[in-house]
Protein chains: 2
Amino acid sequence: MGFSNFMKDAIAMAHGAGGELMDKLIKNSVLKYLECKGSSYDVPLSALDDAGVVEDIVFTTDSYVVKPLFFPGGNIGSLSVSGTVNDLSVIGAQPIAISTAFIIEEGFSIQKLEEIVKSIAETAEQAGVAVLTGDTKVMEKGSIEDFVINTSGIGKRNPLLDRNIEEVRRYREFDSRWLLDSNLRDGDKIIVSGNIGEHGIALLSHREGYKFGTKIKSDAAPLNGLIEKVLETGGVVAAKDPTRGGLANTLNEFKEKSGVGIIVREKDIPIPEGVISACEMLGIDPLEIGNEGKIVLGVVKEKADEVLSEIKKHPLGKNASIIGEVDESFNEVILETTVGGKRILHKPMGDPIPRIC
Amino acid sequence: MGFSNFMKDAIAMAHGAGGELMDKLIKNSVLKYLECKGSSYDVPLSALDDAGVVEDIVFTTDSYVVKPLFFPGGNIGSLSVSGTVNDLSVIGAQPIAISTAFIIEEGFSIQKLEEIVKSIAETAEQAGVAVLTGDTKVMEKGSIEDFVINTSGIGKRNPLLDRNIEEVRRYREFDSRWLLDSNLRDGDKIIVSGNIGEHGIALLSHREGYKFGTKIKSDAAPLNGLIEKVLETGGVVAAKDPTRGGLANTLNEFKEKSGVGIIVREKDIPIPEGVISACEMLGIDPLEIGNEGKIVLGVVKEKADEVLSEIKKHPLGKNASIIGEVDESFNEVILETTVGGKRILHKPMGDPIPRIC
């Protein structure tokens, strides 16, 4: 077997990066074998949404292999709780409990473990969820790098969803009970809840010792409070947190699953100066960088301004912006650049910064 | 800082082995910070039972770092599904869905991944649960050994529990809604559902190339069907799967959490000849070896024979046996040896065979 064959049959870093290659792996090597049979699965695995739903219980899982474990703005503990709370919230759930499963390298500092656990406790408290169950495994020195964690989470259907959906139905047909990636329709507005690119750049600059990123902190935060505010206002049809693969990946997921086109305007996408300059220096696209404290919403156009102003009132939504809209006359994600040109915003092959979560 | 200090402050293999050292780590470095506040948690994290319960949703998590990934009787995929299904079932839940989160080493064979996924699918089908949500992460070559998986699971309260508890209450007071480690009382019989030690010995012999274990296969299997049969019969007060730390650990967990003494008779504990000879050769105690397809039950004495005969009818319970009883006149686990002596069966410090799950 030649080298190229070997590579084709082997896992690459990009297979875990949330983009095109990971999509293919999941579809060809996982979904092919796993199927939710029966009708009780409101949102099955094959939806590949942020969480699955069975009998109105919302369920999600994520492993965190972030490097380094501690970074400006958080650590693997706060990150994992935020990520799981957000995955539950963006589908329309109220998070009620999470699990924490540690895999620890032999020789790892117990003091560092405690710092991580403290951070888990603080973030869980902030989000109003309990750690209900857990697990601890140890691997021999050299078999695992430092520490990884899996957090899974369960939630129940947010009672505010009914009110939100009622509001959607004042303006258009809507037949979903959840905020799915597949719910977007012509005319819906796309809102992002704040600055893009901070988590990835904070991590990269800390990891590599780059000076440019010294003022940039990870945005990792639990967003369930913010999402509750938005559901109270109503009119939201879809929500997603732009983690691995960044905004470019999220918009392409929306596009694919809803079967629509999306146009976004570069000038309206909030990107901090520090992220822009870091990205220019490194030749990476800020739209492909993972975030851990942001949501992207699809909102019926009649409610978009109201939802935006509600988000902006929240401490985690100050820089929110309407960045574009759904257009069913085409089936691409189009970026209108600041200089007025248009280009297709493709799904990233992988994340330009590996192991950010 | 001297060497001994360094070791004291660092994670050791035994911290992940399910025994005394892991207990201390969890209590001092995890539970100290994590608390389920409020009254909606029927079984909180601090119960350290096989699963947690909130609003009658049962929730559990386990990471699997087993070495090697494929072994006689199963692989990491079938093992992880069985383990999670069993953790839900032994507390009294009907498993309804599981999650699978893969962490894969760069370069890992996609074909092996698919074999594992197929095995997950088969075992989930056998147990009647769906894989509802998942995650895939990749770490650089050398950062993680091959492949680890986390499976979490959710279940709902088994409707047969009410009937089971009614049966318990015909004979004694019982104020729990779940099959908890803390439910044992004077006179309850202890039943084990079959042969002890197979999983650990199968793994060890395959791993190290020992000849003695060639006929021993892992017992990994989902036990929810067997447990349903037992609940139909009724009279069960507690159940636990004797995984890391084996039967010795399970009995000591029962003892500690119920605040009772337990006496078991060596001659009644089913241990296959191959396990005994392997253990003698290696100088390890079969009672400390992890199992992945067995349950240990506490049953009111009036129902013990009936429950036993029901278990024996099930393909996974053929070698079941009543191995002892609860005695509140002392507070130890006592083993009556085959030659008639008595010794205290201590909680293992760790598992004699590392990374069996």
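Predicted model: local features only at pLDDT ≥ 70, side-chain atom pairs only at ≥ 80, totals over all residues.

**First stop: a threonine and its surroundings**

Apart from neighbours within four places in sequence, Thr60(A) is in contact with Asp50(A), Ala51(A), Thr84(A), Asp87(A), Leu88(A), Thr151(A), Ser152(A), Gly153(A) and, from chain B, Thr133(B). Thr60(A) belongs to strand E3 of chain A, residues 57–64. Its relative accessibility is 1%, so Thr60(A) counts as buried. Now display Asp50(A): the side chain of Thr60(A) reaches the backbone oxygen of this residue at 2.7 Å.

**Second stop: the largest cavity**

How many cavities of 30 Å³ or more are there? The count comes to three. The largest cavity holds about 710 Å³ of space. To find it, select Met22(A), Leu48(A), Asp49(A), Arg244(A) and Gly134(B), which lie nearest its centre among 39 lining residues. Elements that give two or more residues to this lining include E3 and helix H2 (20–31) of chain A, and strand E6 (93–105) of chain B. Strand E7(B) gives the most, with six residues. By class, the lining has 13 nonpolar, 13 polar and 13 charged residues.

Select residues 273–282 of chain B, which form helix H9. Gly274(B), Val275(B), Ala278(B) and Cys279(B) are buried there. Viewed down the axis of H9(B), the buried residues fall within an arc of 125°, so they line one face of the helix. On the other side of H9(B), Glu273(B), Glu280(B) and Met281(B) are exposed. Finally, select Gly283(B), which follows H9(B) and has a positive phi, near 65°.

How values were computed. Residues numbered from 1 in each chain as written. Chains lettered and ligands numbered in written order. Heavy atoms only, no water. Buried < 20%, exposed > 50% of the residue type's maximum accessible area, 1.4 Å probe, protein only. Helix = DSSP H or I, 4+ residues; strand = E, 2+ residues; numbered from the N terminus. Arc of directions from axis to C-beta. Polar contact = N/O pair within 3.5 Å; in protein donor to acceptor, adjacent residues only side chain to side chain. Contact = heavy atoms within 4.5 Å. 1 Å grid on protein atoms, 1.4 Å probe; cavity = no way out; pocket = protein on both sides within 12 Å on 5 of 7 lines; lining within 4 Å. Points joined across faces, edges and corners; volume = space filled by probe spheres on them. Nonpolar A, V, L, I, M, F, W, Y, C, P; charged D, E, K, R; others polar.
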